[in-house]
Amino acid sequence: MKYIDEFRDQQTARRIAAAIKQAAQAERHYRLMEFCGGHTHAIFRYGIQDLMPANVEFVHGPGCPVCVLPAARIDEAMQLAEQHDVILCIYGDMMRVPAGSRRSLMQAKADGADIRMIYSTQDALQIARDNLDRQVVFFAIGFETTTPATAVAIKQAAAAGLENFSVFCNHVLTPAALGAILNAPEPVTIDAFLGPSHVSTIIGSRPYERLAKEYGKPIVVAGFEPLDVMQSALMAIRLVNDGSHEVKNEYSRAVTRDGNSKAQTFMTEIFELRDSFEWRGLGVIADSALQIRSEFSTFDAEKRFVIETHAISDVKGCACPEILRGQKKPVECKLFGTVCTPANPMGSCMVSSEGACAAYWSYGRHRVCQDVNKPHEP
Amino acid sequence: MCLAIPAEVVSIDEANDNAVVSLGGIKKQISLALVDGAVVGDYLLIHVGYALNRISPDEAQKTLELFAEAGMLELPPK
């Protein structure tokens, strides 16, 4: 398929790998954080890690919206479905994440709650049109890639006077997460970032310029295809060698410096900054998420329904928080591959197909884990 | 979550701001609310039923050339 096959060519991958081996200086160790779950997935699915020299390491970032959403928010969505008797529309990724008492929305659906998996916000609007006697809530999650689709839906609902539709908004912002990683009390060592891919089609590469300069880290906006990831790694290594703190754009076929202004206009019209929002693993971050503007508050499920908030602790021993901060690799979690597998996930990083744990598991990295867990022979 | 796939526009419904796109022969209706001026034959990046952006053929070509440049190196002997 056009724009896919040519970015997955094996021969070219070998050649870029050779260029990376040549660019990586033997006396240095390069720690590249790939921000997005989509990158992590590509790295393992296509075996990119194994094409890298030993001194080039990928550190997996927090760019998986399902992974960073705290369990309490899922519980709140569950409350809407179970106590307020709404039709809860959700993206499929959220279905299996364990929330309070390790119960997922899938379990709630099995117990009788009206929870429907949708592909697009347009589907949620259609469900609202078809069920005018019911309240329909869209459980909105995602970074800037997904936010405009929610904004369009709210705008269309307002225009059509679709009063039984509302949105439980959990949209979060990538530059804030990047800042939180760099600002952490015990920051992990990162030499360069592979910057968000499809988020950047919307926000452009400009928002990273301040971060790159302020924290002195080069950022290469990277596509999700394997050759994109490899070429971006090569560019990042060269920037590190040069001591440069620039933002470069490898994914120029879809990303411009200013992004998609039409989508940005939709977002600013419907959403405003939330004072603070809790992220799994990164804690409470100021100005890191969006809420629905007061002009559209009739479409805000948090205003329409009384939702109780309870703190929920993650499963004991689950290293999702450290993994999301880049401090641990999935194989360093005690639960990984033992009690926590995609069939029976304990933490969000194993549920989402973009989560680092799911990527390690799906592409055979659990074998590395078994080797690590083996007692050392004397 | 942020996955998006390039698909070719096969027809446009201007009244509803929709298009039908084809991905390796599979057809799907998507919303054009976020992009202006899409025409039949364009490749759009599709995410959750919306086109996020048009793919620039020129920039795609430049990136492929960039790959080729890295590939100027000889493959190491096996």
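Two strands count as paired when DSSP finds at least two bridges between them. Keep that cut-off in mind for what follows. This is a predicted model.

Take strand E1, residues 30-36 of chain A, and strand E7, residues 192-195 of chain A. They are joined in the parallel sense over three bridges, so they pass the cut-off of at least two. Within this part of the chain, A:Leu32 sits opposite A:Ala192 of E7(A).

Now the whole sheet. It is open, has five strands in the order E2-E1-E7-E8-E9 of chain A, and its pairing is parallel. The edges are strand E2 (56-63) and strand E9 (247-249) of chain A; each has a single partner strand, so one side of each has no neighbour in the sheet. From one strand to the next, the twist averages 25 degrees.

Helix H12(A) packs on this sheet and touches E1, E2, E7, strand E8 (219-221) and E9 of chain A. The direction of H12(A) makes about 150 degrees with that of E7(A).

Next, the core. The largest nonpolar core has 152 residues, and A:Ile20, A:Leu88 and A:Phe139 have the most contacts inside it. Helix H12 again, residues 226-242 of chain A, supplies the largest share of this core, 10 residues.

One residue to look at on screen is A:Leu88. Leaving out residues up to four places away in sequence, A:Leu88 touches A:Ala77, A:Leu80, A:Ala81, A:Asp114, A:Ile115, A:Val137 and A:Phe139.

Note on methods
Residues are numbered from 1 along each chain as its sequence is written. Chains are lettered from A and ligands numbered from 1 in the order in which they are written. This is a predicted model: local features need pLDDT of at least 70, side-chain atom pairs count only at pLDDT 80 or more; totals for chains, interfaces and linings use all residues. A nonpolar core is a set of buried Ala, Val, Leu, Ile, Met, Phe, Trp, Tyr and Cys residues joined through C-beta atoms within 7 Å. A residue is buried if 20 or more other C-beta atoms lie within 10 Å of its own, exposed if 12 or fewer, and partly exposed in between; C-beta atoms are placed from the backbone. Helices (H or I, at least four residues) and strands (E, at least two) are DSSP runs, numbered from the N terminus. Two residues are in contact if their C-beta atoms, placed from the backbone, lie within 7 Å. Axes are lines fitted to C-alpha atoms, for helices over the stretch in contact, and angles run from 0 to 180 degrees between N-to-C directions.
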